[in-house]
Amino acid sequence: MKGMRCRKCGELAVINMRQHRLALCETHFVEWMRANTQRFIEKYRMFKPDERVLVAVSGGKDSLALWDILLALGYNADGLYLGLGIDGGIGYSDSSRVCAEKFVRDFWPDARLHVLDVKGAYGESIPEVAQRSNRGRGKPCSVCGLIKRHEMNRIAYDLGYDVLTTGHNLDDEAAVLWGNTLHWKTEYLARQAPVLPADRPGFARKVKPLCRFYERETAAYALVRGIDYIYDECPFAVGATSITYKELLNQMEKDRPGAKLDFYLSFLRAKEDGLLAQAGTSTDLHACDRCGQPTSAPGLCAFCRLWEGHTVEDEGPHVVIVG
Ligand code: Q46
Ligand code: ZN
Ligand code: ZN
């Protein structure tokens, strides 16, 4: 890397992407990230220029990089931050919210950021719900995932967005793929894709425009752009199996640059060729009695069951718009 030159202009390179045999300077790297994001949006038919996009923003590098790229590309993209109420001795949720709000102030003061604080809206933070409902054996991740999925979908749908985007990168996708393959979770494999269409009423379309970028590329993008993001992982991520899978894949990547990308792209190609066509999700869904979102269980959906016996504002929680 030392002394490497940008392939496009000969200036000093800031990143060397061995898997692409490409070194680039700051300016050309930013250009490359944006041009490729646009290419992936078109290739996977994620959304069109006139559609309204909601970006799930966590305050981390991936989601802030994604939002920045979409705004720079001229998309009509608003942010959504969910306050989970996780402290972990580092004020995790508070600091991540500060990063999301600072990003708007510093870079895109006209951008709109929706903020929903789970405790403010429902009376309990994620760790509190997890503890009360006795789920997850001390780790609130399953409750957290459930609440995030439900609320993101609800807000995207209720506020009339055409599509919900998340900042999942290649390392995330490859780790999920690795885990699902290891256990042959065919139903999950069938649903893992850059685009999840809104093929049933009540569901928002979900897309992952950064799914082909390595984590070090999204991190470099945030760094080069001078975006302040939360460096700490969520304190509950410690010991997660996905981290072990990422390390394994990094080891493979070290020996064979491009292995991770190849693993993921070969999977997408195999699926296009009909692999897993039988494993599609044909579960019958109906509207939840309380919130109306689609669910396979009779009566209440899993999210509403979490709050059974707890008073929730009748008209539903409000989203605060910052900026
Ligand atoms: S699920 Fe678990 Fe994450 Fe929620 S509690 Fe933290 S680690 S944030 S992606
Ligand atoms: Zn250059
Ligand atoms: Zn419900």
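Ala, Val, Leu, Ile, Met, Phe, Trp, Tyr, Cys and Pro count as nonpolar, Asp, Glu, Lys and Arg as charged, and the others, Gly among them, as polar. With that in hand, let us look at ligand 1. The shell around ligand 1 has six nonpolar, no polar and one charged residues. Its members are Ile86, Cys141, Cys144, Lys148, Cys234, Phe236 and Ala237, where a residue is near a molecule if one of its heavy atoms lies within 4 Å of it.

This is a predicted model, in which local features need pLDDT of at least 70, side-chain atom pairs count only at pLDDT 80 or more, and totals for chains, interfaces and linings use all residues. Residues are numbered from 1 along each chain as its sequence is written, chains are lettered from A and ligands numbered from 1 in the order in which they are written, and side-chain values use heavy atoms, with hydrogens and water left out.

Now for the zinc ion (ligand 2). Its protein donors lie 2.1 to 2.3 Å from it; donors are N, O and S atoms within 2.8 Å of the metal (3.2 Å for Na, K and Ca), and water is not among the atoms, so sites may look incomplete.

| Donor residue | Donor atom |
|---|---|
| Cys6 | SG |
| Cys9 | SG |
| Cys25 | SG |
| His28 | ND1 |

The arrangement is tetrahedral because the four donor atoms subtend angles of 100 to 113 degrees, and four donors count as tetrahedral if all angles lie between 85 and 135 degrees. Along the chain, the donors follow the spacing C-x2-C-x15-C-x2-H. Cys6 and Cys25 are both buried (under 20% relative accessible area, with a 1.4 Å probe and protein chains only).

Methods
Four donors count as tetrahedral if all angles lie between 85 and 135 degrees; four count as square planar and six as octahedral if opposite donors are over 155 degrees apart and all others between 65 and 115; anything else is irregular. Buried means under 20% relative accessible area, exposed over 50%, partly exposed in between (1.4 Å probe, protein chains only).
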